[in-house]
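Open the model in your viewer and have the selection tool ready. We will go from one stop to the next.

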Amino acid sequence: MFSEEMLARLKRFNPARLVVGYSGGLDSHVLLHLAKKTGYPVVALHINHGLAISADEWQAHVIATCDDLGVPVTCMKVDVSPQGNVEGNARDARYRAFETFLKKGDVMLLAHHADDQVESALMHLFRGSNRPGVAGMPVTRAIGCANLLRPLLQVTRASLLRYARDHELAWIDDTSNADTSFNRNFIRHELLPMVQTRWPAVREAVLQAIQRDEEVVQLIDYIGEKDLLALLDERGGVSIPELWTLPVTRRRNVIRYWVHSFGLPLPGGAMLASELDTLKSSRQDASPLVTWQGVCLRRVGDHIFLTDQTPSVVPSVSYHFHSGDDHSVNELLLPFGTITADPVKGKGLVVDRLDEIEIRFRTGGETLLRGNHRTLKNLFQESGVPAWLRDYLPLAFVGGELVAIVGLPTWQVPMLVAGGKSATPDQTGVELSFKMPNQPYSH
């Protein structure tokens with residue numbers, strides 16, 4: 001039942017393990033049965049959402065079935081928020097559990113089939129999607145450190161049912177699948193049957209539309225990739241003057257492609273159209289940015305950078321490295337990033353021990369001795385520290401004296417050490433560098 005194309009995909013992945021998402025239902029049982037025939041090592045992963053009264057009984061059935069098949073199984077319980085969209089919350093919790101379980105080299109198999117694909121495409125249309133075309137679920141994508149594959153997307157549920165009966169498989173029927181208060185069940189049990197009375201081939205038509213538009217999206221993405229490579233600089237920023245040489249449709253497309261290439265949520269089309277113009281026309285000292293769902297487009301000079309959203313609170317406490325007898329590489333974890341201390345010959349800050357260093361954040365009025373006492377504002381401007389990062393840039397103190405500003409390698413901002421505190425050519429100093437979530441995304 002796996003197509004030749006799917007078997008070829010598996011061969012290219014050369015998986016260390018096939019991890020089958022196994023609910024105990026018809027679809028996933030057929031998938032598990034098929035996966036065993038591939039010759040690759042197979043394990044089952046069952047997610048217990050705890051939403052149904054019989055959830056623990058299903059888990060017991062899953063364990064018994066996997067024992068009969070000789071397939072190792074792991075069962076994971078997840079907490080699902082009852083607030084808002086329970087379907088979406090359960091899905092998010094399930095995929096977080098997948099990522100926790102998966103290892104590098106794994107291929108995660110999910111049992112979504114052709115009927116599921118039609119329902120997904122309609123849900124995307126009804127609730128709105130920022131991706132072009134009629135879109136269903138992708139056949140494959142990255143998931144954590146592994147890969148995800150849906151090998152049954154061209155197979156109908158009727159075909160799966162015939163296979164299960166022919167092979168005398170036993171499965172659980174989830175009674176919640178009949179609850180039409182859930183959007184997918186409403187489409188499955190009420191909307192599609194009604195539409196089929198007028199257009200009997202509606203399912204086939206939607207699947208053809210998905211396949212057709214996938215080819216169009218591939219072409220659009222190809223153009224977006226070529227445009228992006230021409231616009232990016234060595235820091236991972238997009239040149240504003242060069243971006244505005246593109247026609248408006250390609251300008252928006254390259255930004256969409258850029259965001260999507262990192263697996264980030266896409267901005268709305270109307271928002272992107274207006275806010276890109278705002279980024280271009282705003283004063284640079286206003287730190288212009290566009291934000292949505294934790295993602296930011298920020299302007300720095302004549303470039304736009306894609307980053308995470310800046311934390312809203314600057315720590316008011318200080319931090320210290322752990323005690324140590326030498327300058328060996330060490331890390332200091334902060335609420336929104338990590339400072340790394342590397343020993344370097346002839347460079348960096350001279351200290352006897354790392355735990356002498358106290359890390360604080362800017363409160364106002366600090367100066368650093370660089371020939372004479374310089375304000376942090378002037379030093380930040382000269383070093384090219386983006387304005388929105390200045391309050392978050394760690395400051396190193398020894399004995400209550402400001403002795404260094406920690407470097408930001410991803411923004412090409414070097415560490416600045418106070419006069420008289422730097423290592424001489426025959427000394428070993430400590431280079432302090434800071435990595436935080438809102439560094440620019442870069443391929």
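**A tour of the sheet and a helix pair**

Start with valine 19: its bridge partner in β4 is methionine 108. Keep in mind that this is a predicted model.

Now widen the selection to both strands. Select residues 17-21 for β1 and residues 106-109 for β4. The two strands run parallel, and 4 bridges join them.

Move on to helix α3, residues 55-69. This helix also packs on the sheet, where α3 touches β2 and β3. Its direction makes about 165° with that of β3.

How many strands form it? There are 6, in the order β3-β2-β1-β4-β6-β5. The sheet is open and its pairing is mixed. Colour β3 (73-77) and β5 (140-143): these are the edge strands, and each pairs on one side only. On average, neighbouring strands are turned by 25° against each other, direction ignored.

Leave the sheet for the last stop. Select α10 (residues 248-261) and α11 (residues 269-281). Their axes lie 11 Å apart, and the helices pack at an angle of about 100°. An angle of 65 to 115 degrees counts as roughly perpendicular, so α10 and α11 are roughly perpendicular to each other.

Show the side chains here. From α10, pick Arg251, Arg252, Ile255 and Arg256; they meet Leu272, Ala273, Leu276 and Asp277 in α11. Of the residues in this contact, 4 are nonpolar, 4 are charged and none is polar.

Technical notes: Residues are numbered from 1 along each chain as its sequence is written. This is a predicted model: local features need pLDDT of at least 70, side-chain atom pairs count only at pLDDT 80 or more; totals for chains, interfaces and linings use all residues. Side-chain values use heavy atoms; hydrogens and water are left out. Axes are lines fitted to C-alpha atoms, for helices over the stretch in contact, and angles run from 0 to 180 degrees between N-to-C directions. Angles under 35 degrees count as roughly parallel, over 145 as roughly antiparallel, 65 to 115 as roughly perpendicular and the rest as oblique. Contact means heavy atoms within 4.5 Å. Ala, Val, Leu, Ile, Met, Phe, Trp, Tyr, Cys and Pro count as nonpolar, Asp, Glu, Lys and Arg as charged, and the others, Gly among them, as polar. Two strands pair if DSSP finds at least two bridges between them.
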